[in-house]
Amino acid sequence: MDLFIQQITSGVATGSIYACTALAVVIIYLAVGHLNYAQGEMAMFSTFISWQLIQWGCSFPAAVALSTVASFAIGSLIQATIFEPIRDEAPTSHIVIYIGLFSVFNGLASFLWGSSVKTFPSPFGTGDFLGIKSMSIHQAGMLFVTMALLTAIFVFFRFTRSGLKIRAAADNRTASHTVGISVRNVNACAWGLSAAIGAIAGALIAPVVFLEPNMMLSTALSGFAGALLGGLTSPLGAVLGGYAVAILENLAGTYVPVIGQELKSVIALIIVVVLMVVKKGSILGHRTVKRF
């Protein structure tokens, strides 16, 4: 029973990062109708910016705050200068650019900071949380920050003008134009917000997986799985999906001998494949019906 509780607790902590990644994916999908395959690499690049600022003497909060602002600006710029001009092009054009962004961020990080593994400091310290051996202080900190972030995102989308504009543009682009909403600016804001969430997620997971150009590959895959499981049209579903994937990974890695801890990341891939085939396994997402 202790092992089971430990795996659930660890899964909830890791699920916080998956939830952030899944939420970032859903925000862009709601805005422009595409999956950002470079989401993980953008988060990794932002984490390297945080690491560099820390090396230059910035405190951890200041470094993460600055990298988050920089990430928002980079994400908004990418949408405004790259994707907005090809908004009405074929989906394959977007996919090619997403793959290109993946390669650019990965290669640029390797060029600027090298491919060697680097340690990333934890702002929460080490040791057990309140004497609970199944949860470390860092895991508890990850959970707390994620809950605060998700609450802030909920308030933003529910009660602010910018958040309501993003929701309106995602629901009906034409009607939004009619009432004077600049869909171009809204989409840029959504991209920036997604990139900023990724920056925070990267800074939280880096002390666990260590910092290197490929650090977000498995995390991004699990985030995509969470987004698909929860529903690409539901931010809340994406969050719940992220937690569900993390818990499933931990339980499968512990109790399924064929998988083990070394192969538990394949659970996310299995979820992605199954949901792509079934196409209706989301938690809270809704199906879109088109009339021809």
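# Cavities, a pocket and ring pairs

Met42, Phe45, Ser46, Ser71, Ile74, Gly75, Phe105 and Ala195 line the largest cavity. The model is predicted.

Colleague: What is the volume of the largest cavity?

Modeller: The search of the whole structure finds 2 cavities of 30 Å³ or more. The second largest cavity comes to about 40 Å³. The largest cavity has a volume of about 50 Å³.

Colleague: Which helices each supply at least two residues of the lining of the largest cavity?

Modeller: By class, this lining has 5 nonpolar and 3 polar residues, and no charged ones. Met42 and Ser71 are among the lining residues. The elements that each supply at least two are helix 2 and helix 3.

Colleague: How many charged residues are in the lining of the second largest cavity?

Modeller: The residues that line the second largest cavity are Cys20, Thr21, Ala24, Gln39, Gly40, Ala43, Gly198, Ala201 and Met216. Helix 1, helix 2 and helix 8 each give at least two of the lining residues. By class, 5 are nonpolar and 4 polar. The charged count is none.

Colleague: Is Cys20 buried or exposed?

Modeller: Cys20 is one of the residues that line the second largest cavity. Buried means under 20% relative accessible area. Cys20 has 1% relative accessibility, so Cys20 counts as buried.

Colleague: Now the open space. Which helix gives the most to the lining of the second largest pocket?

Modeller: The second largest pocket holds about 380 Å³ of space. Its lining has 21 residues, and the closest to its centre are Thr14, Tyr18, Val208, Val209 and Ser218. Two or more lining residues come from each of helix 1 (2-32), helix 5 (137-159), helix 8 (183-209), helix 9 (217-230) and helix 10 (235-255). With 4 residues, the one that gives the most is helix 1.

Colleague: How many polar residues does the lining of the second largest pocket have?

Modeller: The lining of the second largest pocket includes 7 nonpolar residues. Another 4 are charged. The polar residues number 10.

Colleague: On to the rings. What is the geometry of the aromatic pair Tyr37 and Tyr98?

Modeller: The structure holds 11 aromatic pairs. Tyr37 and Tyr98 form one with 5.9 Å centre to centre and 85° between the planes. Planes over 60 degrees apart set the class, so this pair is edge-to-face.

Colleague: How many residues apart in sequence are the parts that the pair of Tyr37 and Tyr98 ties together?

Modeller: Tyr37 lies in the loop between helix 1 and helix 2 (39-55). Tyr98 lies in helix 4 (residues 91-113). The pair therefore ties together parts whose separation in sequence, in residues, is 61.

Colleague: What about Phe83 and Trp191: what kind of aromatic pair do they form?

Modeller: Their ring centres are 5.1 Å apart. The angle between the planes is 25°. Under 30 degrees is the cut-off, so this pair is stacked.

Colleague: Which helices hold Phe83 and Trp191?

Modeller: Phe83 is buried, and so is Trp191. The pair ties together parts that are 108 residues apart in sequence. Phe83 lies in helix 3 (residues 60-83), and Trp191 in helix 8.

Colleague: Which residues do ring pairs link into a cluster?

Modeller: Two pairs have come up already, Tyr37 with Tyr98 and Phe83 with Trp191. Ring pairs link these residues and one more into a cluster. The members are Tyr37, Phe83, Tyr98, Trp191 and Phe224.

Colleague: Over which ring does the charged end of Lys118 sit?

Modeller: A charge over a ring must be within 6 Å of the ring centre. The charged end of Lys118 is 5.6 Å from the centre. The ring belongs to Trp51.

Key: Residues are numbered from 1 along each chain as its sequence is written. This is a predicted model: local features need pLDDT of at least 70, side-chain atom pairs count only at pLDDT 80 or more; totals for chains, interfaces and linings use all residues. Side-chain values use heavy atoms; hydrogens and water are left out. On a 1 Å grid over the protein atoms alone, a cavity is a set of points where a 1.4 Å probe fits but cannot get out, and a pocket is an open set with protein on both sides within 12 Å along at least five of seven lines; lining residues have an atom within 4 Å of a point. Grid points are joined across faces, edges and corners, and a volume is the space filled by probe spheres set on the points. Ala, Val, Leu, Ile, Met, Phe, Trp, Tyr, Cys and Pro count as nonpolar, Asp, Glu, Lys and Arg as charged, and the others, Gly among them, as polar. Buried means under 20% relative accessible area, exposed over 50%, partly exposed in between (1.4 Å probe, protein chains only). Rings of Phe, Tyr and Trp (its six-membered ring) pair if their centres lie within 6.5 Å; planes under 30 degrees apart count as stacked, over 60 as edge-to-face and the rest as tilted. A charge sits over a ring if NZ of Lys or CZ of Arg is within 6 Å of the ring centre and within 35 degrees of the ring normal.
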